[in-house]
Amino acid sequence: MSEFVYGGDYNPEQWPESVWAEDVRLMREAHVNRVTVGVFSWSSLEPEEGRYDFGWLDRVMDLMHTNGIGVVLATPTASPPPWFTFAHPEALPVTADGVRLVHGSRDTYNPAAPAYRDAARRIAGALAERYGRHPALRMWHVHNEYGTVSYGPETDRAFRLWLAERYGTVAALNSTWNSAFWSQSYATFEHILAPQATQYLPNPAHLLDFKRFSADTLRDALREQVAVIRELSPGVPVTTNFMLPSWNHYDQWDFAAEIDEVSIDHYPSARDIEGETHVAFGADVARSFNQGRPWVLMEQATSLIYDYAAARLFAKDPGRLERNTLQYLARGATGSLFFQWRSPRVGAEFFHSPMVPHAGEDTRVFREIVALGHTLTSLAEIAEPPADGRRVNDARVAIVWDSIAWWAAETRALPSDDLAFLPAVRAVHRALWWQGVSCDVVRLDQDLSGYDLVLVPNKIAASDAEAETLRAFVTAGGHAAVWFFSGTTDENLSVRPGGFSGAFAPLAGIRVEEHHPLAAGETVQLSDGSLADAWAEDLQVTGAEVLATFTHAPLAGGPAITRNRLGAGTVHYLATRLDAAALGDHIGRILAEAGVTPEHPQAGDGVEIVRRYAGTRSYLFVFNHGESPRTVDLNGYDLLTDAQLSGDIELAPAASIVLREDALPDAPHHP
């Protein structure tokens with residue numbers, strides 16, 4: 001029987017057993033069918049090294065099974081217990097300033113330390129051996145939000161081994177890093193340290209390789225636990241939760257290859273409609289990382305919006321919980337889990353958003369949790385696996401997502417600090433959302449032939465192979481858009497000679513001679529009326545058509561936005577950072593030229609419409625995120641109101657419709 005998973009992080013070890021029965025009663029009332037157990041329970045499971053206490057977890061697993069609630073069992077390796085840090089001080093994390101951290105919070109481990117890796121494998125193996133075939137077990141949750149980066153002697157040793165394997169000889173490393181600059185040439189790998197605090201600017205290539213190493217270290221730590229679990233608990237799917245979108249300490253594509261289902265923790269921070277654009281972004285990214293396989297919403301907030309810039313935990317408006325959850329489902333999620341079931345009465349996250357608030361069950365929050373459980377139960381038919389394998393309509397647009405691009409943009413010696421990768425990707429995704437167009441994210445080593453349009457924002461570092469992939473896509477008939485500074489260096493941050501954006505400049509039919517970063521708050525206007533800021537370039541066309549020019553000195557009359565025909569396709573180049581309105585206009589133009597239309601003709605401008613498939617049926621998820629009623633032409637059966645809809649339907653602000661369509665739509669055509 002198909003069902004959407006529903007529940008959240010459950011921490012029974014933090015509560016007396018007298019509370020457990022009450023928990024189960026409330027879970028059943030709310031239609032909870034899944035709980036994540038054990039995420040931070042290492043000290044409760046292994047109170048002393050090698051001595052395990054599984055009695056409490058035995059009782060929890062049995063209690064959940066008796067009540068029809070499946071368990072996502074976590075390995076607790078994100079928080080080693082105090083005994084571990086005293087036994088293995090060398091495995092404590094060290095900051096780039098050389099400060100050794102101690103226990104007292106979470107993530108106090110060095111992922112490169114052999115003692116930590118050995119202990120993590122042992123506890124994972126002990127759990128898998130004991131519970132690998134327990135009838136309550138539905139999934140393994142390895143670790144929690146991988147992302148710890150450490151320095152110090154243990155890391156230095158591991159980094160040197162990684163470098164020796166990557167480069168073979170120290171001469172090859174010196175050449176790639178240009179170590180002769182500032183007299184940094186190394187005589188031996190033993191002289192190389194992780195890039196800790198130093199007198200002035202560090203070597204950018206050194207920093208980039210350390211980020212690669214740290215990413216590989218975390219991937220290897222994940223891989224080791226997954227191998228132990230799969231051996232002892234065959235057939236049970238394995239996941240680990242990606243913290244999106246602000247953490248990027250590993251390559252998400254590499255992590256996805258190690259697990260069965262990608263899961264994400266997602267906490268949009270905006271209280272207005274920007275929160276809804278962010279929900280769509282997180283869901284599109286998660287689906288893309290899993291490349292069409294089911295993906296899990298492992299954590300979202302029930303009642304709070306975490307605005308860290310304002311240092312506030314704002315309350316969610318009534319109804320937003322269900323609407324956001326339906327957004328995730330529309331874009332392929334298998335259900336919704338939350339952090340957490342109950343907030344602890346004391347502890348670092350004692351005011352984190354729970355399913356059962358401190359005020360108890362007689363609250364708006366818990367009533368909304370119960371109502372959402374009923375809603376997900378009523379939508380169970382949509383959880384059925386699709387007959388043709390696709391859960392969400394094939395996207396015709398892709399944005400390039402690349403960890404190397406993110407890390408490259410963090411380099412301190414760049415011409416501007418307005419070159420960050422994530423804001424650029426978010427701005428492009430947001431512009432597509434406002435046009436009513438869904439998208440995937442891709443790497444440039446993937447097959448692009450299924451897309452009509454590929455967008456490349458702020459990809460500073462690009463290899464020759466990546467440039468060739470984009471060239472082949474365009475010459476075969478695809479459309480591409482490339483943003484300023486992209487392709488300026490190779491994959492090792494070595495600047496390409498002959499002009500900036502050199503990896504993509506020949507495709508775009510342009511040459512960039514000079515950069516003109518703008519001051520903070522400074523804006524420019526283009527000849528077509530577009531407003532822009534942050535960046536401008538001295539651009540010459542070598543075959544491209546100029547669509548807009550700069551109007552300010554010293555670049556007045558110079559190309560700002562261009563279009564180049566290449567083979568059967570087209571490459572657009574944007575030499576400045578357009579504001580939201582202008583970006584939307586140009587994205588709209590590029591979509592039209594590529595022949596891309598919205599999922600539904602009335603989608604866009606705050607009306608979100610996404611098609612999902614289940615069994616042999618299709619379903620439209622329709623949302624009005626705006627502040628005024630909107631009319632949408634719909635034909636089918638609304639599962640939320642149990643009503644047949646036909647023709648123009650008025651959709652109130654903040655309203656949702658989940659429509660079982662009367663007929664399966666034709667598959668989208670990809671020329």
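Predicted model: local features only at pLDDT ≥ 70, side-chain atom pairs only at ≥ 80, totals over all residues.
How do the residues of the lining of the largest pocket divide into nonpolar, polar and charged? The lining holds 21 nonpolar residues, 17 polar ones and no charged ones.

The volume of the largest pocket is about 950 Å³. Its lining counts 38 residues. Leu201, Pro202, Asn203, Pro204 and Ala205 lie nearest the centre of the pocket. Two elements give two or more residues to this lining: helix H7 (170–177) and helix H8 (204–232).

Now the cavities as a group. Across the whole structure, a search finds six of 30 Å³ or more. The largest cavity holds about 100 Å³ of space. It is lined by 14 residues, and Tyr267, Pro268, Ile305, Lys316 and Asn324 are the closest to its centre. Helix H10 (274–289), strand E9 (304–307) and helix H11 (320–330) each bring at least two residues to the lining. H11 gives the largest share, three residues.

Next, two single residues. Gly373 sits in helix H12 (residues 364–378). Is Gly373 buried or exposed? Gly373 counts as buried because its relative accessibility is 1%, under the 20% cut-off. Beyond its neighbours within four places in sequence, Gly373 is in contact with Tyr6, Ala30 and His31. Glu491 lies elsewhere: 118 residues separate it from Gly373 along the chain, and their C-alpha atoms are 47 Å apart.

Arg611 belongs to strand E24 (residues 607–614). At 10% relative accessibility, Arg611 is also classed as buried. Its side chain has a partner. A polar contact of 2.7 Å joins the side chain of Arg611 to the side chain of Glu661.

Three strands form an open sheet in the order E17-E18-E23, and the pairing is antiparallel. Strand E17 (523–525) and strand E23 (577–578) are the edge strands, each pairing on one side only. Strand E18 (residues 531–533) pairs with E23 over two bridges, in the antiparallel sense. To find the pairing in the model, look for Asp533, which stands opposite Arg577 in E23.

Key
Residues numbered from 1 in each chain as written. Heavy atoms only, no water. Pairing = 2+ DSSP bridges. Helix = DSSP H or I, 4+ residues; strand = E, 2+ residues; numbered from the N terminus. Buried < 20%, exposed > 50% of the residue type's maximum accessible area, 1.4 Å probe, protein only. Contact = heavy atoms within 4.5 Å. 1 Å grid on protein atoms, 1.4 Å probe; cavity = no way out; pocket = protein on both sides within 12 Å on 5 of 7 lines; lining within 4 Å. Points joined across faces, edges and corners; volume = space filled by probe spheres on them. Nonpolar A, V, L, I, M, F, W, Y, C, P; charged D, E, K, R; others polar. Polar contact = N/O pair within 3.5 Å; in protein donor to acceptor, adjacent residues only side chain to side chain.
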